[in-house]
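Me: I would like to go through this model by question and answer, with each answer worked out step by step.

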Amino acid sequence: KLQLSGSPKQRGQKHGEELREPIAELAKIRKELCLGFLKDIDIKRIDALASAQLKALKKYPWAYDEFMGIVEGSKVPVNDLIILNNYTDMRDFSHSKILTDPHYKFDDGGCSVFSLINEGSICAGQTWDMHASARPFMTHIEYAADTVSHQPKMDVLTLTGCLALCGVNEYGVMVLINNMHCSETSISIIWPGLVRGMLSQHSAVDAFKYLQQNVPCSGH
């Protein structure tokens, strides 16, 4: 478990410094996977896409500052860290027929989410059906509350170098995800940033509104 506090930049720097080697290793794996998946997009176009997504992240100062802190702490190139964070959405930017071919079989599936209410108690969770290469990099991050960036205390399950994949905050707001392969894409907030933004809300209603107002790059 990694415990983070301080400003967004300080949190990111500690994240990057303490997990430098696994972040670099995962960034290399994710970049190779991205190149293998987007067979009709070369590395220059992937870098251009990553740069555009980084520019979009600047609209969310707390997320951008923490992200750049991870870059500085880990020494991983900024575009490679964007790919690490947004790999599953970037795959959907392919112009190949795999997104429209009904017979194409994706080999790494997608997650499933569940919620159970019993006598006033709520239990919720998800499967985590991602590429097996990610397993050694699973990380539990405990964030202290930060009144400056309006971030409540939260527990996040993520991968090294990634802002968030799912989590729960001190108000009981839980964010779980399911990837949906689609051909509708946009240059907007990377989805790990969206998860963190939703976890910053004080109620499920506000988290849902945040989702409606901050649509990610692709289908989550």
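**Strands, charges and contacts**

Reply: In this predicted model, strand β2 (residues 113-118) is hardly covered, the count of buried residues among its six residues being zero.

Me: Over how many bridges do β2 and strand β3 pair?
Reply: Strand β3 spans residues 121-126, and its pairing with β2 runs in the antiparallel sense. Within this pairing Phe114 stands opposite Gly125 in β3. The number of bridges over which β2 and β3 pair is six.

Me: Which residue in the hairpin of β2 and β3 takes a positive phi?
Reply: The hairpin of β2 and β3 has two residues between the strands. A positive phi near 55 degrees is found there, and the residue that takes it is Glu119.

Me: How many salt bridges does a search of the whole structure find, and how many aromatic pairs?
Reply: Side chains of opposite charge can pair when their charged atoms come close. For salt bridges, the search of the whole structure gives four. For aromatic pairs, the search of the whole structure gives zero.

Me: Which helices does the salt bridge between Asp80 and Lys31 tie together?
Reply: The side chains of Asp80 and Lys31 meet at 3.1 Å, N to O. Asp80 lies within residues 78-90 and Lys31 within residues 20-37, so the pair ties together parts that are 49 residues apart in sequence. Asp80 counts as buried at 13% relative accessibility, whereas Lys31 counts as partly exposed at 23%. The helices are α5, which holds Asp80, and α2, which holds Lys31.

Me: Over the ring of which residue does the charged end of Arg196 sit?
Reply: Arg196, in helix α6 (residues 191-199), is linked to Glu66, in helix α4 (residues 61-74), although the two are 130 residues apart; their side chains meet in a salt bridge at 2.9 Å, N to O. Arg196 is buried, with a relative accessible area of 1%, and Glu66 is likewise buried at 1%. The charged end of Arg196 also sits over a ring, 4.1 Å from its centre, and that ring belongs to Tyr143.

Me: The backbone oxygen of which residue does the side chain of Asn169 reach?
Reply: Asn169 lies in strand β6 (residues 166-169) and counts as buried at 5% relative accessibility. Leaving aside residues up to four places away in sequence, Asn169 touches Pro152, Lys153, Met154, Leu199 and Gln201. The side chain of Asn169 reaches a backbone oxygen at 2.8 Å, and that oxygen belongs to Gln201.

Me: What separates the C-alpha atoms of Arg135 and Met180?
Reply: Arg135 is found in the loop between β3 and β4, and at 67% relative accessibility Arg135 counts as exposed. Arg135 and Met180 are 45 residues apart along the chain, and the separation of their C-alpha atoms is 20 Å.

Conventions
Residues are numbered from 1 along each chain as its sequence is written. This is a predicted model: local features need pLDDT of at least 70, side-chain atom pairs count only at pLDDT 80 or more; totals for chains, interfaces and linings use all residues. Side-chain values use heavy atoms; hydrogens and water are left out. Rings of Phe, Tyr and Trp (its six-membered ring) pair if their centres lie within 6.5 Å; planes under 30 degrees apart count as stacked, over 60 as edge-to-face and the rest as tilted. A charge sits over a ring if NZ of Lys or CZ of Arg is within 6 Å of the ring centre and within 35 degrees of the ring normal. Helices (H or I, at least four residues) and strands (E, at least two) are DSSP runs, numbered from the N terminus. Buried means under 20% relative accessible area, exposed over 50%, partly exposed in between (1.4 Å probe, protein chains only). Two strands pair if DSSP finds at least two bridges between them. A polar contact is a pair of N or O atoms within 3.5 Å; within protein, one must be able to donate a hydrogen and the other to accept it, and residues adjacent in sequence count only if both atoms are side-chain atoms. Contact means heavy atoms within 4.5 Å.
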